[in-house]
Structure formats: structure tokens, C-alpha cells
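Visitor: Please take me through one part of this model in detail. I would like the ligand site, contact by contact.

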Amino acid sequence: MIRISDLSYHHGRTQVLDQVSLTIPKGGITALVGANGAGKSTLLSLIARLTPLQTGSIHVGDLDVSRCPSDMLARNLSILPQNTEVAPRLTVRELVSFGRYPYHKGQPTSEDHTKIDAALQDFDLTPLADRVLDTLSGGQKQRAYVAMTYAQDTDYILLDEPLNNLDIAASRSLMQTLRHLSQEKGRTIVVVMHDLNYACAYADHLVALSNGKIRAEGHPSQVVTNGFLSSVFSTDAHVHHVDQVPVILV
Ligand SMILES: Nc1ncnc2c1ncn2[C@@H]1O[C@H](COP(=O)(O)OP(=O)(O)O)[C@@H](O)[C@H]1O
Ligand SMILES: [Mg+2]
């Protein structure tokens, strides 16, 4: 699990996170939702130590994020930041092999190649392995970025808005792959997403942030109600249910 205690964060005078305490359960998919500017990306980068802590503490499993050595953190937790762009002339295989960097430090071993092949396979990228990123569709490219993150082979995987710009088929395919990785391979996956219908359909746990505070958390079927949409997202959209899954008519 990821344990966050009394986490506050300021950007200059702006308070971005305000005494956040939160436990993200081990295993499954946790969706992190909230309006633009709520603090989701800041929270994710603090968990991954891309941003140094100001106050509070974060533990990923047994690791204290503020203290553990970088290579140990990198073997336990990977992150795909929002709007990641790596060199567009790389091939898919080269991109995915970056995910192995914490292990090979530039000199991939046969084990690294095996893991790279497995990541390509798991994300249906084998036929595209030698294609240059520039020549891929948005959905294919996004899958390649997520595969790079997955190739890092960590128990905890953080993804910041991986569904951005994806059509329905690409979004469903990515979420189904993430579900498979969480259920069959025991990974703990935290995904920032905007579309609550995807969160309801695929997440095991949902955490809602607004104005730097946690406003709700729990199973989507418990959390996502008309009152929740109104208080967290300031909208009067209605929640319906299909097979007990909340569905928001937009
Ligand atoms: N580098 C920065 N400098 C100043 N303010 C920032 C910076 N990054 C983010 N912020 C502010 O922090 C708040 C939270 O941002 P962010 O974590 O990116 O939100 P979200 O990912 O939920 O949209 C916003 O008000 C944003 O303007
Ligand atoms: Mg963000």
C-alpha cells in the first residue's frame, strides 16, 4: 500500500495540497480524480519523488520515499508523468528499453531484453516494435509510453492521464491491459483520469481531490453519486446504474 500522512505542499504562495492523509490499497486500480488544478499531478510527483516533500510523509510499501535510495525507489515504483514526450525518432523498442534503465544503466542484459519483449507483448506492441514513435497513432504511442513504464517492473505504477487524447477503442484497450496487470500480476496501479465513467468501469478504488484535500474515497459504486458530482465537480449531471456500476449521463 501507499501511505500518505499529513502531506501539505505549496507552490509559492499557492497551497496545492492541504494536510492530505490517504492510504492507497495494495493491488488493483486506484483512480485519482478531481477538477483541473486540484493537485492530482502534484500528489503523484510527490509520491514518486519527482518533487521533493515539504511537509508530511509518504511510504510506498516499506519504503520511506523521503529517505530511500533512488535506485531502490525506481525498482519499486514507476511513474508516467502527464504529457511525457521522449525523442520522437526513437523506435518503440528503444523507448520501452528506457524503462529498464534502473537495472541496466545503459547496458541491457539478456534479462532486460526478456522483460522488454514481455512488455511489448503485454501491450500488443510486438508488431510495432521497430516503428519510429513519430509514425504511430496517438493511441499506439500512448501504449508505448505505458509499456515503457511497465517495463520498469515495479509493484507500484503511477500513470498521469494516460487516456488523454485516446479514442474509445484505445482507452478501453489500455484500461483492460491495466486491469489484467493488476489482477494477474498483482501490480498496484494509480491512474489519474478525467472520465469518471472509465473510473467507475475499471477502478477498484477511487480517490477524489479538490482544492488540495481528499473529498471522497472508496469503491466507485459507493463514492460516485449525484451529491458527489455536485460537491466535487460542481455539476448537476445524474448518476445511473448499469449492473451496479455507476454511469454518468453527460
Ligand atoms: N510549477 C508550478 N508553479 C506554480 N504553481 C504550480 C506549478 N505546478 C502546478 N501549480 C499549481 O498547483 C495547482 C495544482 O496543480 P496540479 O497538481 O498540476 O493539478 P491537477 O493535476 O489536478 O490538474 C494548480 O493550481 C497549479 O496552477
Ligand atoms: Mg495534472
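Guide: Start with His-11. A side-chain N or O atom of His-11 sits 3.1 Å from a nitrogen atom of ligand 1. Gly-39 uses a polar backbone atom, 2.9 Å from an oxygen atom of the ligand. Thr-42 brings a polar side-chain atom to 2.5 Å from a ligand oxygen. Polar contacts here are pairs of N or O atoms within 3.5 Å. Alone, ligand 1 exposes 560 Å², and the protein buries 56% of that; areas are Shrake-Rupley values with a 1.4 Å probe.

This is a predicted model, where local features need pLDDT of at least 70 and side-chain atom pairs count only at pLDDT 80 or more, while totals for chains, interfaces and linings use all residues. Residues are numbered from 1 along each chain, chains are lettered from A and ligands numbered from 1 as written, and side-chain values use heavy atoms, without hydrogens and water.

Now the shell. Residues around ligand 1 include Val-16, Ala-35, Asn-36 and Lys-40, where near means a heavy atom within 4 Å. Helix H1, residues 40-47, gives the most to this shell, with three residues. Helices are DSSP runs (H or I) of at least four residues, strands (E) of at least two.

Next, the magnesium ion, ligand 2. Its protein donors are Ser-41 (OG) and Gln-82 (OE1), 2.0 to 2.3 Å away; donors are N, O and S atoms within 2.8 Å of the metal (3.2 Å for Na, K and Ca), and sites may look incomplete because water is not among the atoms. Ser-41 lies in helix H1 and Gln-82 in the loop between strand S6 (77-80) and helix H3 (92-98), so the pair ties together parts 41 residues apart in sequence. Ser-41 is partly exposed at 28% relative accessible area. Gln-82 is also partly exposed, at 31%; that class lies between buried (under 20%) and exposed (over 50%), with a 1.4 Å probe and protein chains only.

Terms used:
Polar contact = N/O pair within 3.5 Å; in protein donor to acceptor, adjacent residues only side chain to side chain.
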